[in-house]
Amino acid sequence: MYRYDRTDQQIIDQRVAQYRDQIRRHLAGQLSTDELRPLRLQNGLYIQRHGPMLRIAIPYGMLSATQLRKLAEISRRYDRSVGHFTTRQNMQLNWPKFEETPDILAELASVEMHAVQTSGNCVRNITTDQFAGVAPDELTDPRPYCELLRQWSTFHPEFAFLPRKFKIAVNAATADRAVIRAHDIGLDLIRDDSGEIGFRVFVGGGLGRTPILGKMVREFLPRRHMLSYLEAILRVYNRYGRRDNMYKARIKILVQALGIEDFGRQIEEEWSYQQDGPSTVPDEEFERIARHFDPPARETLPAEDALHAARFRNDRAFANWVRRCVHAHRTPGYAAVTLSLKAPGAAPGDITEAQMIAVADLAERFSFGELRVTHEQNIVLADVRQRDLHEVWQIARRQRLATANIGLLTDMICCPGGDLCALANARSVPIAAAVNEKFDDLDYLYDIGDISLNISGCMNSCGHHHVANIGILGVDKNDEEWYQITVGGQQGNTATIGKVIGPSFYAQEVPEVIEALISVYLEQRTPGERFIDTLQRIGLDPFKARAYVGRDRRRSAKVETRELVNA
Amino acid sequence: MPRIIKHHQIVDDPWQILTLTDGETPGTVALPAAPVLLPLAVWLARRDEILARYQQPGVWLDSDEDPEALAGDIARLTVIGVNFPKFTDGRGYSSARLLRERYHYAGEIRAIGDVLQDQLFFMRRCGIDAYALRPDKNLEQALAGLSVFSETYQAGVDQPQPLFLRRLTEATA
């Protein structure tokens, strides 16, 4: 993975000093609460329901075992020995002390980490495929491009006070695992007919109050132009994005208002001044960064390990785990492993200090000392020998990290919700727990098969409910928690925004409603059909009808759809 | 006399800023004694009169005004003010870069409005070289804001070569 040189380290060290001084000035009464707010947000510090929350950057989800150990130590010394992984592949600490946050950032800097731009109206953490560099369906490793974008976006002087937050994701595989079309800019790495590497550029995607999928603004952008072209997009957005209404300030609203053709013309015109300027990236720089991501010293192994195959045949529990949590790898004899952070009873995406240490150990022993955080809030060990899978499974199982539910109903993306977040209309973790209780039988989950269920506690949509097959959104009606349900959303190449099925439900109804939706699928499916396939074939109505059977919903729910701005 | 930060120093500064109040129009507002930064609308309405009257004309751009409007007059202006109505309004950074990089403006660009210590580094990188800080702020302390980082990744007005190009030069030197 990328290692800092002296300059990278110096920039991060100076950031810690700057932040420490800002907090000092604030405590000395020289920097008001309002003045500090955007500054601390650009260092990941929120003031939440119970106190501060610190969001630590994990650039494109990559972590070393050393870094994870440091996160474990920080969680113990400065928090309550637990961290929470987010859909931007970051980690949140929910109980830090305000005065200690400069010390936490200094601790992070000691292992080449930071909390730069994990919030605020600036370019946020770049995200990508958790299987980058090992996926068999990958054109080229997307991480060097992400790292270049990380450096370019870090303290960009022109774009630190954009109209609103700005999210970029990069995909380089046949199957998009980074939800690029749900981002302000989605970059799809491709090769043109001459073999040159470049990007298909999507712009104006985003979830939140107005979910929109990104539109293609350029069919092929040679990679050397990536920074100047992105600067052109950001400049047009910075100048003309709406600032009068923060709910309409994302770039998607500008793209929608102008239309993609007109927006594209403005970008091309702006870019014409910058094209081939000093921000043009030479091949040597791509190569320099790419060397940081050279494959580890893997062994030459047979494609199938005989011992592993025997264990797979003879141990049903192990085989179930392999089917759901072990993924294809481009190198024979190796596999990628997802450690599930969705065990029954655990808050989705939460990881304890002990689990962090255990995962760091696993990464060191079995996966070249590296791991990745997924946007689905799990962890990936990307380079495990097949013959080691059984041992990894046994250790992970002891740590409750081996629930064989990846891609199943209980592998929910879920925001922290109203228990912690100041914005949430409703709690989300108890809904996840209730779903887990209702669907606690693994065989039943396997029978239901591939399905996505995501939960957001409010319109900000941190839980990505819009792009789930079944999405649950917490809404507030007369100070009561209600839940609106959408179906038909999807991630990936066929990304789709789900549709609302009707009036919202009480919390205690949600698991029953999900069961009702599932029962329609189980009754109607044809062999090989997933939930989403059946839904697309037979349409929304049968699901809708079943969800409301026996429920009195004469008055249509008035839903609070205001998207709030975190602070 | 008010003081500002200019070229990394605190200096006395006589420039006034003319703002149109209710009932005043660009065509009729009284032009004050020099030196003064005039609103863009006044400049556009009375350019010849202003050039005849002031040795050193100055104009200020609000955050929703396009620097393109000054493209033809760049060489005539001594000071261009870029207003930050709120410190979270980042349009002025783009305006300053356009003035420097696209229109090659070589005179003073002055940040006015809600100008605070923690913006100065970004402003400097975008080509702003004078800073009229909000009056309640301590200028001596704010000076530190200009030099928070000793190295930067991106190209800017202050450093037209992005770090990656300089890294490559270093590696091959």
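This briefing covers the fold of chain A and its contact with chain B. The model is predicted. About 3800 Å² is buried between chain A and chain B. The two chains share 10 salt bridges.

**Chain A as a whole**

- Chain A holds 18 helices and 21 strands.
- Its radius of gyration is 23 Å, close to the 24 Å that the globule rule gives for 567 residues, so chain A is as compact as a globular protein of that length.
- Along the principal axes, the C-alpha atoms of chain A fill a box of roughly 65 × 60 × 55 Å.
- Of the 567 residues in chain A, 64% count as buried.
- Take the contacts in chain A between residues at least 6 apart in sequence: 69% of them join residues at least 24 apart.

**Extent of the contact**

- Chain A brings 50 residues to the contact, and chain B brings 40 residues.
- A:Pro157, A:Phe161 and A:Arg239 supply 20% of the area that chain A buries against chain B, more than any other three residues.
- Carbon and sulfur atoms give 55% of the area buried between the two chains.

**Polar and charged links**

- One of the salt bridges joins the side chains of B:Lys137 and A:Glu35, at 2.8 Å from N to O.

**The side of chain A that touches chain B**

- Helices H1 (6–27), H2 (33–41), H5 (143–153), H6 (226–240), H8 (260–274) and H9 (283–291) of chain A each supply at least two residues of this side.
- H1(A) gives the largest share, 11 residues.
- By type, the residues of this side divide into 18 nonpolar, 14 polar and 18 charged.

Notes:
Residues numbered from 1 in each chain as written. Chains lettered and ligands numbered in written order. Predicted model: local features only at pLDDT ≥ 70, side-chain atom pairs only at ≥ 80, totals over all residues. Heavy atoms only, no water. Contact = heavy atoms within 4.5 Å. Buried area = accessible area lost by both parts, 1.4 Å probe. Salt bridge = Lys/Arg side-chain N within 4 Å of Asp/Glu carboxyl O. Helix = DSSP H or I, 4+ residues; strand = E, 2+ residues; numbered from the N terminus. Nonpolar A, V, L, I, M, F, W, Y, C, P; charged D, E, K, R; others polar. Rg over C-alpha atoms; globule rule 2.2 N^0.38 Å. Buried < 20%, exposed > 50% of the residue type's maximum accessible area, 1.4 Å probe, protein only.
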